[in-house]
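Please read the following note with the structure open beside it.

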Amino acid sequence: MKVAILGANGKAGSAILKEAKKRGLVVTAIVRDAAKITDGTPVIEKDVYNLTTEDVKDFDVLVSALGFWGDVSEFSGSTQHLIDILTNQTTRLFVVGGAGSLFVNPEHTVRLSETPDFPEAFKPLATAMGKGLELLEDAKNVNWTYISPAAEFDAEGVETGKYVTAGEELEVDSEGKSYISYADYAIAMVDEIEKNAHPNQRFSVHQ
């Protein structure tokens, strides 16, 4: 299976790259600076907006693990560009999503980002990532999956090899915590790449 990872030098992207290579998948990194990929992984050196259908059509899966901490509106802009170049293609798009767009009630009327305790500083980011999800849900003839992590998404967390798959509602453990490490999220992502159990839908993972 041929997999391309956008943002492969970021925290989430590098964890997914490592896990995919461990499984024997044929991985290509798509980054703006090829010098940042030092493990011998083949590289396409391009900005997301310069990617074309020709660049990605031969991959089975394209993972978007992009992080935009400056202009968060780039989340929706980049997602729309990926939708445009993958429309009517067989390549599956997998998006590293956010937890802010998960619902906190059975009626699915209130999202985590809309709750009183959600940090104000993260609301623009959560809104932008949620907009990216909406664009995917509205897209026609695109094969996509959007995976939301737990509310606490820990880059330094240990790899346990275990995770729980959930739906579109935020789930917490017996102590009221919603947690997953980047390493275990990467395992969940590569599992989904291999099994394709959630085509054209968003789901979430936690420990």
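The numbered points below go through the structure topic by topic.

1. Basis of the note. This is a predicted model, in which local features need pLDDT of at least 70 and side-chain atom pairs count only at pLDDT 80 or more, while totals for chains, interfaces and linings use all residues. Residues are numbered from 1 along each chain as its sequence is written, and side-chain values use heavy atoms, with hydrogens and water left out.

2. Eight strands form an open sheet in the order 3-2-1-4-5-6-10-8, with mixed pairing. Strands (E, at least two residues) and helices (H or I, at least four residues) are DSSP runs numbered from the N terminus, and two strands pair if DSSP finds at least two bridges between them. Strand 3 (43-45) and strand 8 (164-166) stand at the edges with a single partner strand each, so one side of each has no neighbour in the sheet. On average, neighbouring strands of this sheet are turned by 25° against each other, direction ignored.

3. Strand 8 runs antiparallel to strand 10 (residues 201-206), and three bridges join them. Thr165 has Val205 in strand 10 as its bridge partner.

4. Helices on the sheet. Helix 1 packs on the sheet and touches strand 1 (2-6), strand 2 (26-31), strand 4 (61-64) and strand 5 (92-96). Contact here means heavy atoms within 4.5 Å. The direction of helix 1 makes about 165° with that of strand 2; axes are lines fitted to C-alpha atoms, for helices over the stretch in contact, and angles run from 0 to 180 degrees between N-to-C directions. Helix 5 lies across strand 1, strand 4, strand 5, strand 6 (143-148) and strand 10, and runs at about 165° to strand 5.

5. A salt bridge across the chain. Twelve salt bridges are found in the whole structure, each being a side-chain nitrogen of Lys or Arg within 4 Å of a carboxyl oxygen of Asp or Glu. One of the salt bridges joins the side chains of Lys22 and Glu159 (3.7 Å, N to O). Lys22 is in helix 1 and Glu159 is in the loop between strand 7 (152-154) and strand 8, 137 residues apart.

6. The second largest pocket. Its space is about 180 Å³. On a 1 Å grid over the protein atoms alone, a pocket is an open set of points with protein on both sides within 12 Å along at least five of seven lines, a cavity is a set where a 1.4 Å probe fits but cannot get out, and lining residues have an atom within 4 Å of a point. Grid points are joined across faces, edges and corners, and a volume is the space filled by probe spheres set on the points. Lys22 and Glu159 are among the lining residues of this pocket, and helix 1 gives the most, with six residues.

7. The largest cavity. The structure holds two cavities of 30 Å³ or more, and the largest cavity has about 110 Å³ of space. Of its 14 lining residues, Ser64, Phe75, Thr79, Val95 and Val96 are the closest to its centre. Helix 3 (74-86) gives the most to this lining, with four residues.

8. The second largest cavity. About 40 Å³ of space lies in the second largest cavity. Its lining includes Ala166, Ser204, Val205 and His206, and strand 10 gives the most, with three residues.
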